[in-house]
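Subject: Structure for you to look at

Hello,

Here is the structure I said I would pass on. Please open it beside this email and find each residue as you read.

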Amino acid sequence: MAWDAKKRGRYFCPQCKSRVFLKRGELKIPHFAHFPYSACVWWEPEVPTHLNFKLTAMELLKTSRHIENAEFEYPIENNNHFLYPDLYFKLKSGHRVAVE
């Protein structure tokens with residue numbers, strides 16, 4: 001995850017496999033970004049409030065006793081295409097939940 005990533009590390013997009021870079025500073029929430037004009041379907045800027053929501057929601061999910069596992073952008077296959085919801089988690093009851 002971007003919070004723990006090393007500044008000089010080599011990172012790749014799980015969707016398109018192209019290189020991405022770490023953006024981490026005093027003003028921005030740590031995240032990975034594509035280089036400009038990427039052809040990847042994931043290449044879209046996220047506004048800080050959306051990114052904050054995802055990070056806060058993930059913290060809550062990971063501390064819940066009702067959640068078995070939680071992931072960011074977990075690939076879900078649907079009719080030979082993949083969907084990548086913002087958050088994906090599995091309840092201990094077995095139900096799976098995707099949040100976009």
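The notes below go through the sheet, the aromatic pairs, the salt bridges and the cysteines.

This is a predicted model, in which local features need pLDDT of at least 70 and side-chain atom pairs count only at pLDDT 80 or more, while totals for chains, interfaces and linings use all residues. Residues are numbered from 1 along each chain as its sequence is written, and side-chain values use heavy atoms, with hydrogens and water left out.

The sheet

Helices (H or I, at least four residues) and strands (E, at least two) are DSSP runs, numbered from the N terminus. Two strands pair if DSSP finds at least two bridges between them. An open sheet has 3 strands in the order β1-β2-β3, and the pairing is antiparallel. Its edge strands are β1 (11-12) and β3 (31-34), each of which pairs on one side only.

β1 and β2 are joined by 2 bridges, and F12 has R19 in β2 as its bridge partner. The hairpin of these strands has 6 residues between them, and K17 takes a positive phi near 70° there. Strand β2 (residues 19-23) is joined to β3 by 4 bridges. Across that pairing, V20 stands opposite H34, and L22 stands opposite F32.

The aromatic pairs

Rings of Phe, Tyr and Trp (its six-membered ring) pair if their centres lie within 6.5 Å; planes under 30 degrees apart count as stacked, over 60 as edge-to-face, and the rest as tilted. By this rule there are 3 aromatic pairs. One of them is Y11 with F32, a tilted pair with 4.8 Å from centre to centre and 50° between the planes. Y11 is in strand β1 and F32 in strand β3, so the pair ties together parts 21 residues apart in sequence.

For accessibility, buried means under 20% relative accessible area, exposed over 50%, and partly exposed in between (1.4 Å probe, protein chains only). Y11 is buried at 18%, whereas F32 is partly exposed at 32%.

F21 and F35 form another tilted pair, at 4.8 Å centre to centre and 45° between the planes. F21 is in strand β2 and F35 in the loop between β3 and α1, 14 residues apart. F21 is partly exposed at 27%, and F35 is partly exposed at 43%.

The salt bridges

Side chains of opposite charge can pair when their charged atoms come close. A salt bridge here is a side-chain nitrogen of Lys or Arg within 4 Å of a carboxyl oxygen of Asp or Glu. How many salt bridges does the structure hold? There are 2.

K54 and D86 form a salt bridge at 3.8 Å, N to O. K54 lies in helix α1 (residues 48-63) and D86 in the loop between β6 (81-83) and β7 (87-91), so the pair ties together parts 32 residues apart in sequence. K54 is buried at 5% relative accessibility, and D86 is buried with a relative accessible area of 5%.

K90 forms a salt bridge with E68, with the closest N and O atoms 3.5 Å apart. This pair links strand β7, which holds K90, to strand β4 (residues 67-72), which holds E68; the two residues are 22 residues apart. E68 is partly exposed at 47%.

The cysteines

A disulfide is a pair of cysteine sulfur atoms within 2.5 Å. The count is 0 disulfides. C13 is buried at 3%, while C16 is partly exposed at 31%.

Regards
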